[in-house]
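Biologist: I'd like to learn how to read the surroundings of a ligand. Could you walk me through it?

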Amino acid sequence: MHIHNFSAGPCILPQQVLRGAADAVLDFNGMGLSLIEISHRTAEFEGVMEEARGLVRELLALPDRFEVLFLQGGATLGFYTVPMNFLPDGGKAAYVDTGTWAAGAIKEARLVGTTEVVASSAASNHNHIPKGFSVPQDAAYLHVTTNNTIFGTQYHPYPTADVPLIADMSSDIFSRTFDPEPYSCIYAGAQKNMGPAGTVLYIVDREALGKTGRKLPTYLDLSQHIAKDSMLNTPPVFAVYATLLTLRWMREQGGVTALEARNRAKAELLYAEIDRNPRFQGHAVPEDRSWMNATFTLTEASDAPAFDHAWTEAGISGLTGHRSVGGYRASMYNALPLESVQALVDVMATF
Ligand code: PMP
């Protein structure tokens with residue numbers, strides 16, 4: 001049976017990426033060696049790293065002042081790496097709390113310096129994106145989580161501020177176009193739209209670095225990674241290679257503009273059913289609904305066993321919601337086809 005993979009992450013990747021990655025593990029580029037048994041200093045792997053960095057630049061149309069890095073530690077280490085590199089000693093950073101991951105970033109920033117939470121959606125279990133908040137002029141940056149994977153909310157459009165923006169885009173990078181101009185830094189774990197777990201993408205304004213007055217441990221110092229072209233130490237070679245294959249696939253699909261149109265169509269299809277069908281209720285307020293993660297519950301909790309049986313029978317996987325919201329979460333990342341969303345909508349409609 002064909003499986004419709006709605007997992008929140010790690011999650012669905014294009015079939016051609018999985019096949020290409022599997023081939024490279026057995027024999028990389030006809031070398032007679034596996035991708036994971038050659039040195040990262042070979043011309044072959046350096047080519048992988050350079051092509052991947054170049055494709056990020058191309059797909060997101062990044063201005064020259066941005067550097068692209070593939071590091072480790074996930075977005076979770078990013079929560080700490082960001083203030084260590086961008087929050088000056090004695091300065092202040094502004095954060096918006098839109099749920100679990102935003103709160104994780106706030107917790108780490110507090111270890112580094114003054115961290116002001118300028119808005120929060122906590123009082124309504126993060127069912128919306130706060131609006132109309134003000135950001136202190138003296139904040140070094142405003143940190144946002146553009147898509148809230150657990151609660152199913154997303155900024156529409158991305159925010160603006162009078163101070164530089166820093167964003168955790170782990171769960172919506174490459175899903176929609178945006179203007180990179182206002183950002184000092186964007187970071188994103190690979191394991192949603194980009195590739196397998198094991199690497200995290202940083203997009204860094206090199207001109208914004210070196211201003212904290214702080215001595216950084218080597219691995220947390222983004223300048224040192226930039227100086228070494230993202231090869232300061234052994235990079236996660238498999239994760240970077242599979243990411244490269246996914247980036248190539250994104251380009252073949254027509255780039256981020258084409259992916260955005262598809263993601264919007266998938267989200268519209270599912271939310272229309274949630275709104276039409278009295279047996280379901282959406283968690284997020286309509287204007288802040290995520291195109292990546294749709295969160296919803298059953299109107300009657302007692303319907304759960306029957307609904308769970310119906311979607312499982314239809315070959316749907318990964319639909320169980322996160323415990324903070326309950327109910328269901330349909331994650332519709334780039335690689336999930338419209339037909340999979342249609343399969344879920346069909347189950348909901350006939351339920
Ligand atoms: N930020 C967001 C928006 C996430 O969805 C996640 C979880 N995938 C994280 C941060 C944490 O990422 P990681 O597990 O890569 O540290």
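Modeller: Start with a polar contact, meaning a pair of N or O atoms within 3.5 Å. Here, a backbone N or O atom of Ala75 lies 3.2 Å from an oxygen atom of the ligand. By the way, this is a predicted model, where local features need pLDDT of at least 70 and side-chain atom pairs count only at 80 or more, while totals for chains, interfaces and linings use all residues. Residues are numbered from 1 along each chain as its sequence is written, and side-chain values use heavy atoms, leaving out hydrogens and water.

Biologist: How far is an oxygen atom of the ligand from an N or O atom in the side chain of Thr149?

Modeller: That distance is 2.5 Å. For Trp101, a polar side-chain atom lies 3.4 Å from a ligand oxygen.

Biologist: Which residues count as the shell, and which are closest?

Modeller: A residue is near a molecule if one of its heavy atoms lies within 4 Å of it. Here 13 residues surround the ligand, and the closest are Thr76, Thr149, Asp168, Gln191 and Lys192.

Biologist: Which helix gives the most to that shell?

Modeller: Helices are DSSP runs (H or I, at least four residues), numbered from the N terminus. Helix 3, residues 74–86, gives the most, with four residues.

Biologist: Last one: is Asn334 buried or exposed?

Modeller: Buried means under 20% relative accessible area, exposed over 50%, and partly exposed in between, using a 1.4 Å probe and protein chains only. Asn334 has 2%, so it's buried.

Note on methods:
A polar contact is a pair of N or O atoms within 3.5 Å; within protein, one must be able to donate a hydrogen and the other to accept it, and residues adjacent in sequence count only if both atoms are side-chain atoms. Helices (H or I, at least four residues) and strands (E, at least two) are DSSP runs, numbered from the N terminus.
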